[in-house]
Amino acid sequence: MFNLIMRWLEWNGARGTLPLDRVCEFTEQPIADQFRESGQPVFDRLIRLPGLLMSEGTGAEVCHVGWVTRARIVNREVVFEYALGPDVPPLQNNLIYENRLALDMPRGFEF
């Protein structure tokens with residue numbers, strides 16, 4: 001299991017934001033339920049998982065393996081801090097897209 005954070009910005013900082021309603025947006029309900037309490041994300045559970053930190057697209061866009069190190073809700077957005085995996089070289093989205101079924105990412109429009 002892993003987090004997938006897709007956004008249109010580059011991953012060149014250590015902090016990001018995303019709308020709260022995007023958390024578990026395309027995640028199957030039984031899995032999403034493991035990471036929610038009273039309808040709110042439980043970030044302590046989510047940040048234990050590694051993540052794919054991706055820019056939108058299906059081509060040569062850069063994808064990183066990394067971790068969310070801290071997350072909190074501020075005004076209906078999730079403000080999060082992240083670290084890129086130093087031992088994993090950047091990947092390209094086309095590799096992830098070609099292998100999306102093996103990664104349980106069946107919807108191409110998510111990219």
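Good morning. By class, 25 nonpolar, three polar and nine charged residues line the largest pocket of this structure. Here Ala, Val, Leu, Ile, Met, Phe, Trp, Tyr, Cys and Pro count as nonpolar, Asp, Glu, Lys and Arg as charged, and the others, Gly among them, as polar.

The model is predicted: local features need pLDDT of at least 70 and side-chain atom pairs pLDDT 80 or more, while totals for chains, interfaces and linings use all residues. Residues are numbered from 1 along each chain as its sequence is written, and side-chain values use heavy atoms, without hydrogens and water.

A pocket is an open set of points on a 1 Å grid over the protein atoms alone, where a 1.4 Å probe fits, with protein on both sides within 12 Å along at least five of seven lines; lining residues have an atom within 4 Å of a point. Of the 37 lining residues, Asn-3, Leu-4, Ile-5, Cys-24 and Thr-27 lie nearest the centre of the largest pocket. Strand E1 gives the most to this lining, with five residues; strands are DSSP runs of at least two residues, numbered from the N terminus.

Let us turn to Asn-3, which belongs to E1, residues 3-7. Asn-3 is buried, at 15% relative accessible area, where buried means under 20% with a 1.4 Å probe, protein chains only. A polar atom of the Asn-3 side chain lies 2.8 Å from the backbone oxygen of Leu-46.

Val-78, in strand E7 (residues 77-84), is buried as well, with a relative accessible area of 3%.

Key
Helices (H or I, at least four residues) and strands (E, at least two) are DSSP runs, numbered from the N terminus. Buried means under 20% relative accessible area, exposed over 50%, partly exposed in between (1.4 Å probe, protein chains only). A polar contact is a pair of N or O atoms within 3.5 Å; within protein, one must be able to donate a hydrogen and the other to accept it, and residues adjacent in sequence count only if both atoms are side-chain atoms.
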